[in-house]
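Please read them with the sequence and the coordinates at hand.

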Amino acid sequence: MNQFIGSRALPDLVYHRPGTMDDLLGLVKGIEGEYRVVAGCTDFIPAIRGGKWRFADGINVVDIRGVKALSGIREEKGEIVMGAATRLSDILVSPVIREKAPVLADAVSQMASPQVRNTATVGGNLCMASPAADTAPPLLVLDAKVAWRTADGEETTPLNKFFLGPGATVLPPRSVLTEIRFPAPGPDEAARRTRMGQRTAFVCSIISVAVWLRGGPEKIEAARIAMGAVAPTPILITAAESVLIGKKPNEATLAEAAKTAASNIAPIDDLRATADYRKSLAETLTRRLLAACVGDLA
Amino acid sequence: MKITVHYTINSKACDLEVDAGETLLEALRNRLKLTSVHRSCEEGECGACTVLLNGEPVNSCLMLAAAADGADILTTEGLMRGDQRHPIMDAFVDLHGMQCGFCTPGLLMTGYSLVRKANGGDLDEATIRQSIEGNLCRCTGYMNIVKAIQEAKRRKDAGDWW
Amino acid sequence: MESREHRLISGRGQYADDLDFPGMAHLVFVGSPHAHARIVRLDVAEAEAVPGVIRVITGADVVEHTHPLPVQANFTSPGWTWRLAEVYAMPADKVRWHGEPVAAVVAEDERTARIAADKIQVEYDPLPVVAGAEDALKPNAPKLYDDWPDNKQVHLKFDFGDPDAAFKEADRVITVSNREGRVTGLPIEGRGCVGHYDRGKGTLTMWGAFQTPYLQRHNIAAAMGLPEARVSINAVDIGGAFGLKIHAWKENVVALASKLTGRYVKWFEPQRDFIVTGPHQRDVSWQGEVAVKNDGTLLGLRATVTHDLGVESTQKGIAALSIFPACSSPCNMYRWKGMHIEGIGAVTNKSFYCAYRGYGKDKGIKFIEAVINRVARELNMTPEAIRFKNFIQPDEFPFKAINNYVLDNGDYPGTLNRALEMVDVDKWRAEQEKGRAGGRHIGIGIVTSIEPAGVAVPNCQMGGLTQARVAICPDGTVEVDSDRTEIGQGSEISHVNIVSGILGCKKEDVYVRPVTSETIGQGPLSSRGAVWPASAVAKAAKQLRAKVDRFAASMFDATVDDIRIADGVIGCGKDTEKQLTFAEFANKAFFFPGPRRLPKEVLLEHEQLLSVTTTWYSPSTPESGSSYTTFCTSADIAVVEVDTETGVTKILKYAHVHDAGTVISKKVIDGQIHGGIVQGIGEALMEELKYDRNGQLLNTSFAEYLIPTAVEAPVIEIAHLVTPSPFSETGAKGMGEAPIIGSKAVILTAVEDALSPFGILVEDSPASPERVRAWVNGSKGDEQ
Ligand SMILES: Cc1cc2nc3c(=O)[nH]c(=O)nc-3n(C[C@H](O)[C@H](O)[C@H](O)COP(=O)(O)OP(=O)(O)OC[C@H]3O[C@@H](n4cnc5c(N)ncnc54)[C@H](O)[C@@H]3O)c2cc1C
Ligand code: FES
Ligand code: FES
């Protein structure tokens, strides 16, 4: 068992801050010994202070924030593309996101604090693969894909396939997450999200829910529901989709879909909430969000 | 590993040798003796260590000193003009937005950046409260802090130097 | 003169973490990962081998070089239990809670100390864990202290008035129970200090976040085995305290580290350490029954309150002492016939219990206010009606209550009436009715309370110590010494207002000096600041004023009645020629004091210096034994809305009426009210330290132990009544704890009101969203 120590020291680091993508990939490829890619460090530093992560002196830290190409948000061929090192606060003020994907801006606005958002990055949030990562549910319902690069090439995968477990992703060794992209939603689409914490502001989610619908007041054509903090990773819950698709979105349908979604998760009890409470919230919040989306579509 | 960084700190250029494993908080407090930057949780949770980095509030405990290379940094010390208090400081004193004072430098920085960027009329209460959610205060119940930030905006609008 | 506000706001505060001395070493504690275990082996070799490490201090060193922590409160009455354990600042043999320090690393810098701390090897032999008071009190429970017969540290029994008669007279008796979660006060700044043992002189000097330097000196000297006169404790700027910085514990290890290394040694505690190894509070459960008449007359109470005290250490007896106010305070501000109250304190494998804003008064009042609101509901009365029926009336003061408190004065009905003017409860009740039809759940809470302030109890270190000195310096500035450390509660502003008001000097010429152990006193605890120290300062200032009048009269060749002092100018009648500034006056008084200037009698009486040191004692205590002196009054009304599907409580309106007697500084009082109310809201809705069955504290950081942010804190409306206390020198009443007492009670009762259609009794706190949702689920689904 670890000793109890209030706050641990950071190890002696070898700090790298490459300025271009090529330098970054070359560095990561050739680096010897232990290394970590970091962006905002808002997960990295607390993990060491609290004893969750331990590194030997001399660990290489590769700060990707020097690579301009990794930051920024653009619209490209009907897709919205965010660099992995885009800061949360940049997402919040991005005109593209505010117009095309307000659901993401809404999620980000409730994440951490303004100070943390000014350094934390979206890529860091996804790579950390916390079950409670708050950017994940909206990105999942927006059908996002993530791309990573190694010195040898690039690969893309749906975000849905990205997470493997708490803290684990499909990212291969010596790779860097580069981009997150999702199709710009059309006028017949609506997306909403919410989350619950033990207090309102500046708190880790005990559950977060995002929903997306395509269709109109008469018929739902497509639906996605995603949740955070109810499984080992943020998840898409496909079971409820069939309840909605092809149906008229009335109260009963939405309630049934919410119930189905909630019965298809298997959350755990932890410090922040019990499984029962999470399930109960899953149903309530999903139902409320679906109703709000239907309102948006009308 | 030692690294030489260059900051513009409180409007003064400075070159500083830091350890790669040192946070900005540690560099500011221990090397530059900018002790208004307070230390409490060291994990980004309390906001006592808030400084402005290129005009935006950040937790200096969550940032490597090396990663701030080239940045323009402002701390509470830098809000003073000689012995004259910045209007937001006056507002905090006049409206009793400070009790023990430990959270205060961090709140001044967050509040200052909020007011500096705000245009138009009065700052509404909800905006202020959300903007300072990352600055915990255990003494004031936030009431007078919110009022002081509102008042600071009024003083800025009235033409007080900023 | 530069004010404290100016110094702090400009970033020049000097908090413990800012202390820096030549050659200063840094100390970091290593804590036990186990809640209860024998220390089998402790190996420091690897840690000491880290370059930059000066020495590791272990529990064995502490036992070898220091004494057990001194006893601070000891009550032995027939029929009572009061046990004390022999504990050192760090144990050599056994750990009793998760985080308990077993070693401390002293190194050239803090980072090195932290690295080395991780390299200390400790082998533990885990022991069975006592995870809560209920377990602790079971027969055959594992024992925390081998020499005790069981885990019961305290059992007090009180008969107030005539409880049997009260119950005989009752129309009905209602069973009541209540529980409060374990919380911590959590100032944003942790504990910290620098110690310097001067080997040449054999003196120990410490600077740091000391809330009660005089008592801390006594306790540190005792543990260190040093003569008290050779120890000096100095408070620096303190980043909040709320009672959590009155003890002397890890500070002893810092002192020892300095003694063993000959260096200045600094320790500054990270928040996580403060939560895990800091003082905790609350964690009580009440069982009882209340006797009432059908017309709402309150008659009697029989109740037992059981405390989970955690380990007995660091402040021997002071944790247990808080059981007294918990037992006495249910009388609150009402007429009662009789009460039988028992207070039990059990030791468990949790961090220790110490003072936090409220110190038991909050527990008793929160309990009784919940009980009264329940009685009202049962009798179909409004919460205000039952209170108006039972309040002690303004013409009954001083009122000797059945619990021995001598209530100074106040206007209890007036206080509640004022609150009812601020919140239109009938309008809200109509809104509540309307809302319920549409599934909205609004709740209205009403609570009234007094705050017993300014503790003076026998058999303990809180016996009523206070001393003040007010002096005019030769340059005309004024210096003030008192035991009232500035912990953010406005003691400096208050002292400045008092002294300048009495002396007539300019406010900016008054300097309130940092508190040191040179001044005798208990410090600012139990809201005594505005009572004891302020009274002592006022008394000293009055005596000094009399001297100034007398000296000035002599200088002007006039009589004392002619002396007028205002805004720093000492004048004589209407004669504008005869004027002296304080500087001119003081210069004459100090440096040209011969018979030409000062009255001859003054010199013969040896009273020539413009310096007065005095003390003060509560006037109502000697005869009555009342442990408190003043009783400020407050009324809280809160309107909340509960989302019964998610369990989230939102505060729609919050009004607080306060009567703290003479207002020394309105902004200070309002600030105390705001802060206390939000702390109380934290307790009511979110704060709770969670230990698992193995005694592991699960929420160990600000991320997990949640306190309100600006977003959860409501807008607070305040109104003041002013009924000056006859028992304090200024008429002011202590008020620092009142806001937390009323607020947690009022929020919980408002939540209960909101949930009344479900028949839910809010008998547990915090009313966290999850808990509220569980209550709703458990209420058989439907609204009744
Ligand atoms: C006080 C506080 C509050 C927080 N609140 C929230 C919250 O409300 N919701 C929430 O979801 N999170 C929250 N977080 C967590 C954190 O801020 C986010 O996860 C943040 O987005 C992480 O980004 P970063 O750039 O700081 O990551 P870093 O700390 O730099 O990195 C995190 C991890 O990701 C890896 N990584 C980062 N970028 C890349 C990349 N491009 N390629 C490969 N690997 C990479 C790193 O190796 C590291 O393992 C909070 C954190 C703090 C300290
Ligand atoms: S010390 Fe940086 S946020 Fe608490
Ligand atoms: S003033 Fe004390 S923490 Fe804010």
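1. In this predicted model, 5 residue pairs are in polar contact across the interface of domain 2 of chain C and domain 3 of chain C, both residues of each pair being at pLDDT 80 or more.

2. K542(C) pairs with E729(C) in a salt bridge, and their closest N and O atoms are 3.3 Å apart. The K542(C)–E729(C) pair meets the criterion because a salt bridge requires the Lys or Arg side-chain nitrogen to be within 4 Å of a carboxyl oxygen of Asp or Glu.

3. About 1,100 Å² is buried between domain 2 of chain C and domain 3 of chain C, and carbon and sulfur atoms give 64% of this area. Of the area that domain 2 of chain C buries against domain 3 of chain C, 49% is supplied by I664(C), V668(C) and E729(C), more than by any other three residues.

4. For reference, the domain assignment of chain C gives domain 2 as 281-457 + 622-778 and domain 3 as 468-520 + 532-617, besides domain 1 as 4-127 + 191-268.

5. Turning to the chains, 44 residues of chain B are in contact with 52 residues of chain C. Chain B and chain C bury about 4,000 Å² between them, with 56% of it on carbon and sulfur atoms.

6. How many salt bridges does the rule find across the interface of chain B and chain C? There are 8. One salt bridge joins the side chains of D17(C) and R39(B), at 3.0 Å from N to O. The interface of chain B and chain C also has 22 residue pairs in polar contact, both residues at pLDDT 80 or more.

7. On the side of chain B that touches chain C, at least two residues each come from α2 (87-94), α3 (104-117), α4 (125-131) and α5 (143-157) of chain B. The largest share, 4 residues, comes from α2(B). The residues of this side of chain B divide into 16 nonpolar, 14 polar and 14 charged.

Definitions and conventions: Residues are numbered from 1 along each chain as its sequence is written. Chains are lettered from A and ligands numbered from 1 in the order in which they are written. This is a predicted model: local features need pLDDT of at least 70, side-chain atom pairs count only at pLDDT 80 or more; totals for chains, interfaces and linings use all residues. Side-chain values use heavy atoms; hydrogens and water are left out. Contact means heavy atoms within 4.5 Å. Buried area is the accessible area (1.4 Å probe) that two parts lose on being put together, summed over both. A polar contact is a pair of N or O atoms within 3.5 Å; within protein, one must be able to donate a hydrogen and the other to accept it, and residues adjacent in sequence count only if both atoms are side-chain atoms. Ala, Val, Leu, Ile, Met, Phe, Trp, Tyr, Cys and Pro count as nonpolar, Asp, Glu, Lys and Arg as charged, and the others, Gly among them, as polar. Domain bounds come from an automatic or database domain assignment.
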